Amino acid sequence: MSYVSDNFEVLNGIIRCIAKEFGVNCEVVLHDLTLPYDRTIVAIENGHVTDRKVGDSGTNIGLEVLRGTDEGDDRYNYINHTRNGRVLRSSSKYIKNARGTVVGSICINFDVTDLIMAQRSIQYLASLGGEDSTREVFTSNVDELLDVLMQDTLNVIGKPVAMMTKEDKIAAVRYLDQKGAFLIKKSVDRASEFYGISKFTLYNYLDAGREDAKETSKDDFQD
């Protein structure tokens with residue numbers, strides 16, 4: 001028997017209480033880390049958030065804790081992403097035995113994707129406007145600069161990647177192109193991974209964005 005199994009009724013009641021408090025977008029998971037790692041989940045509420053169920057495995061962080069690479073300190077209010085790009089606000093509480101060995105954990109994953117979109121809409125509607133200002137980004141290397149530019153596209157489009165349509169992604173790629181992002185080495189590889197598309201698709205989007213830019217320039221000239 002393990003600490004988690006010995007105290008399962010109490011721990012299961014705790015995760016159910018948390019899930020009921022915050023609703024269907026809040027996944028709460030109980031891991032028994034004394035079990036084989038491919039089946040550590042012994043209880044879960046709102047598993048649809050990460051598409052997991054009882055009997056499934058833990059994450060890479062749990063592996064690091066078991067390996068000793070990570071100290072197993074509790075983590076609060078950090079940002080995660082699902083495989084399809086939805087944004088999660090997460091916290092992890094590790095359960096230790098009398099010897100200080102991590103034997104389990106309670107993990108909370110709250111899907112805040114819709115809240116972020118609502119927040120951006122409110123900010124846009126409530127903004128007072130004003131003159132555009134030049135924004136210069138100072139980073140220590142071009143990899144960081146590319147990260148900043150890709151994150152900027154989320155604000156420009158007003159959606160996280162998981163919610164973007166094909167047209168949104170074309171607009172995002174066009175924004176990166178206009179900012180010179182594709183002059184950076186390996187930028188196509190990283191951008192295609194960021195938007196969840198193939199390099200072939202990204203090149204097609206890049207061509208489409210440049211064609212749209214040409215058409216816009218022609219219309220402006222004719223006017």
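Which exposed residues does the face of helix 3 turned away from its buried side carry?

Author: The model is a predicted one, and the description below should be read with that in mind. The face of helix 3 that is turned away from its buried side carries Asn 60 and Arg 67, both of them exposed.

The buried side of helix 3 is made up of Ile 61, Gly 62 and Val 65. Because these residues cover an arc of only 100° around the axis, they lie on the same side of helix 3. What they pack against is a set of strands, namely strand 3, strand 4 (87-96) and strand 5 (102-111). Just after helix 3, the chain reaches Gly 68, which takes a positive phi of about 95°.

A positive phi is also found in residues other than glycine. One of them is Asn 77, whose phi is near 55°, and which is found in strand 3, residues 75-81; strand 3 is one of the strands against which the buried residues of helix 3 pack. Asn 46, which is not a glycine either, has a positive phi of about 55°, and this residue is found in the loop that joins strand 2 (41-45) to helix 3 (60-67).

The loop between strand 2 and helix 3 also holds Val 49. With a relative accessibility of 11%, Val 49 counts as buried, because the cut-off for that class is under 20%. Leaving out residues up to four places away in sequence, Val 49 touches Val 24, Asn 25, Cys 26, Glu 27, Thr 82, Leu 88, Asn 109 and Asp 111. For Asn 109, the separation along the sequence is 60 residues, while the C-alpha atoms of Val 49 and Asn 109 are 7.8 Å apart in space.

Not counting residues up to four places away in sequence, Val 42 touches Val 4, Phe 8, Leu 30, Asp 32, Leu 35 and Val 54. Leu 30 is twelve residues from Val 42 along the chain, and their C-alpha atoms are separated by 5.9 Å.

To place this part in the whole, the protein has eight helices and five strands, and along the sequence they follow the pattern α-α-β-β-α-β-β-β-α-α-α-α-α. Of its 223 residues, 37% count as buried. When contacts between residues at least 6 apart in sequence are considered, 47% of them join residues at least 24 apart.

The largest nonpolar core has 21 residues, and those with the most contacts inside it are Met 150, Val 173, Leu 176, Phe 182, Ala 191, Tyr 195 and Leu 202. Two or more residues are given to this core by each of helix 5 (142-157), helix 6 (166-178), helix 7 (187-194) and helix 8 (199-222), and helix 6 gives the most, with five residues. Apart from this core lies another, of 15 residues, which includes Val 4, Val 103, Phe 110 and Val 112; Val 4 is also one of the residues that Val 42 touches.

Met 150, once neighbours within four places in sequence are left aside, is in contact with Leu 176, Arg 190, Ala 191, Phe 194 and Tyr 195. The contact between helix 5 and helix 7 brings Asp 143, Leu 146, Asp 147, Met 150, Gln 151, Thr 153 and Leu 154 of helix 5 to meet Ser 187, Arg 190, Ala 191 and Phe 194 of helix 7. By class, this contact of helix 5 with helix 7 has five nonpolar, three polar and three charged residues. The axes of helix 5 and helix 7 come within 11 Å and cross at roughly 35°, and helix 5 passes helix 7 in a right-handed crossing.

Helix 7 has its own buried residues, which are Ser 187, Val 188, Ala 191 and Ser 192. Because they cover an arc of only 125° around the axis, they are placed on the same side of helix 7. Just after helix 7, Gly 196 takes a positive phi of about 70°.

Notes. Residues are numbered from 1 along each chain as its sequence is written. This is a predicted model: local features need pLDDT of at least 70, side-chain atom pairs count only at pLDDT 80 or more; totals for chains, interfaces and linings use all residues. Side-chain values use heavy atoms; hydrogens and water are left out. A nonpolar core is a set of buried Ala, Val, Leu, Ile, Met, Phe, Trp, Tyr and Cys residues joined through side-chain atoms within 4.5 Å. Buried means under 20% relative accessible area, exposed over 50%, partly exposed in between (1.4 Å probe, protein chains only). Helices (H or I, at least four residues) and strands (E, at least two) are DSSP runs, numbered from the N terminus. Contact means heavy atoms within 4.5 Å. The arc is that of the directions from the helix axis to the C-beta atoms. Axes are lines fitted to C-alpha atoms, for helices over the stretch in contact, and angles run from 0 to 180 degrees between N-to-C directions. A crossing is left-handed if the near helix is turned anticlockwise from the far one by less than a right angle, and right-handed if clockwise. Ala, Val, Leu, Ile, Met, Phe, Trp, Tyr, Cys and Pro count as nonpolar, Asp, Glu, Lys and Arg as charged, and the others, Gly among them, as polar.
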